[in-house]
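Hello,

Here is the structure you will be working with. Please look through it first, then read the notes that follow.

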Amino acid sequence: MKDCLIIGAGAVGLSLAYELAGHGICVTVIDRSACGTEASWAGAGIIPAAKSRAGDSAYTQLSGLSCQLHAQWAKDLQSDTGIDTGYRQCGEIFFGHQQISGDPLSRDLQTLESLGVEIDHLDQQVLKKLEPAISDECLAGADLSAYRTPASAQIRNPWLLRAIREACLQRGVKIVEQVEVLGFDLEQDRIVAAETTSGSFSAEQVCLTSGAWTKALAGKVGISLPMKPIRGQIVLLRLNEQIQQNIIHHGPHYLVPRPDGYVLAGTTLEDVGFEKQTTVKAVREILHFASSMFPQLATAQVERCWAGLRPASLDGHPFIGLLPGFSNGWVATGHFRWGLYLSPATAVVLSQLMRGLTPQIDLTEFRVDRHVLPLLQNTS
Ligand SMILES: Cc1cc2nc3c(=O)[nH]c(=O)nc-3n(C[C@H](O)[C@H](O)[C@H](O)COP(=O)(O)OP(=O)(O)OC[C@H]3O[C@@H](n4cnc5c(N)ncnc54)[C@H](O)[C@@H]3O)c2cc1C
């Protein structure tokens, strides 16, 4: 392969561009707005602890590989661009575990233990030592169900995106912003050009990494992708001091502490189409959760609220591979709740496949034409 056109400059598209350009491929990335301003900007930046072995499911292997790559990429990006991605191992505490429907990333005790992920079981005393500001109500429940994965990490996704964008430019990637792809020119089994608001772009290979909007673009070449947007809302809180050390998880809700006193409180899983606004109901629910975990958060400043659209395949597994019927049309999308986390491994394995190599993870599980069993429940 000599050149490639990537449509969508979120975490997935930029990571793929970075990886391909690192192997000498001439890459152009097109985005209809500025790079990294959709779901990849909106996400919380949780990087779960994971391990995998040969023989595990492809999803588990993708998670394990991503976990390693985030640590490595953070170092590489910092040394190449001078930009800190905010990657920090901060640990993650779970109060019991509630599997989210359609989310293939299992983080219940049994699964984590069977994978060999390091786990600390927490009683009240240990929890109080780790998180002195946590509420008495949470402490009371801890003996029953709390555990911690010390290797869980976080990234500051806007910083990560800035770093990858810069690293892409250093590797010669052409980034075209504020240009929308409207359709494609086809010749037999090839996509020969993308038609855009700024003319026609052609390349030997074309990859769709357009997040929640990939379904619409794939539809333009006759491919039906079983996916939909799932809205998530976040409230950004600010205190003068950092009172929380670990990421805290309780069912669908979490609190992600930033070292500079900010706390990201999330989230919702809403099946409301492409509506990206925040709502009173969700913000109220998230704020209630935050202050019930850490009473001091009741006095925090509400800095900002936002919503993003997760690109969710109906079975929660991403689509990574060729568009059926095409020899040069590719796709990487549908990562649902974990697209930031899974983006480096997605980029590495897809780049291997696109360059004609056997990918280090068997991608059959992620084929576009697999049988998709709809697991996502209507959550609106
Ligand atoms: C509230 C919330 C919390 C989250 N928390 C986490 C987390 O903690 N950890 C984690 O791993 N993941 C998290 N996620 C999920 C994660 O953000 C997504 O899975 C991931 O960002 C998807 O990346 P992407 O590159 O596929 O899509 P996006 O970031 O949405 O990028 C797609 C890009 O394609 C562009 N585009 C679309 N159509 C066109 C077109 N026609 N022409 C040109 N460009 C186009 C868009 O402008 C956009 O920039 C969260 C998501 C939300 C909403």
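The ligand lies between two domains, because domain 1 (3–83 + 157–227 + 314–366) and domain 2 (89–152 + 234–306) both give residues to the shell around it. Please keep in mind that this is a predicted model.

The ligand and its site

The largest pocket is the space that the ligand takes up. Several elements supply two or more residues each to the shell around the ligand: the helices α1 (11–22), α2 (39–42) and α10 (339–354), and the strands β14 (227–238) and β18 (301–313).

What kinds of residue make up this shell? It holds 19 nonpolar, 13 polar and six charged residues. There are 38 residues around the ligand, and those that come nearest are Asp31, Ser40, Ile46, Arg337 and Tyr341.

Ile46 also has a backbone N or O atom 2.8 Å from an oxygen atom of the ligand. For Gly45, a backbone N or O atom is 3.1 Å from an oxygen atom of the ligand. With Arg32 the ligand atom is a nitrogen, which lies 3.1 Å from a polar backbone atom of that residue. How much of the ligand does the protein cover? On its own the ligand has 1000 Å² of accessible area, and the protein covers 99% of that.

Thr267 is in the loop between β17 (262–266) and α9 (280–293). The peptide bond that leads from Gly266 to Thr267 is cis, and its omega is near -15 degrees.

Gln178 is in the loop between β9 (174–176) and β10 (181–187). Its phi is near 60 degrees, which is a positive value in a residue other than glycine.

Regards

Definitions and conventions: Residues are numbered from 1 along each chain as its sequence is written. This is a predicted model: local features need pLDDT of at least 70, side-chain atom pairs count only at pLDDT 80 or more; totals for chains, interfaces and linings use all residues. Side-chain values use heavy atoms; hydrogens and water are left out. A residue is near a molecule or strand if one of its heavy atoms lies within 4 Å of it. A polar contact is a pair of N or O atoms within 3.5 Å; within protein, one must be able to donate a hydrogen and the other to accept it, and residues adjacent in sequence count only if both atoms are side-chain atoms. Accessible areas come from the Shrake-Rupley method with a 1.4 Å probe; for residues, only the protein chains shown count as cover. On a 1 Å grid over the protein atoms alone, a cavity is a set of points where a 1.4 Å probe fits but cannot get out, and a pocket is an open set with protein on both sides within 12 Å along at least five of seven lines; lining residues have an atom within 4 Å of a point. A molecule sits in a cavity or pocket if more than half of its atoms lie within 2 Å of its grid points. Helices (H or I, at least four residues) and strands (E, at least two) are DSSP runs, numbered from the N terminus. Ala, Val, Leu, Ile, Met, Phe, Trp, Tyr, Cys and Pro count as nonpolar, Asp, Glu, Lys and Arg as charged, and the others, Gly among them, as polar. Domain bounds come from an automatic or database domain assignment.
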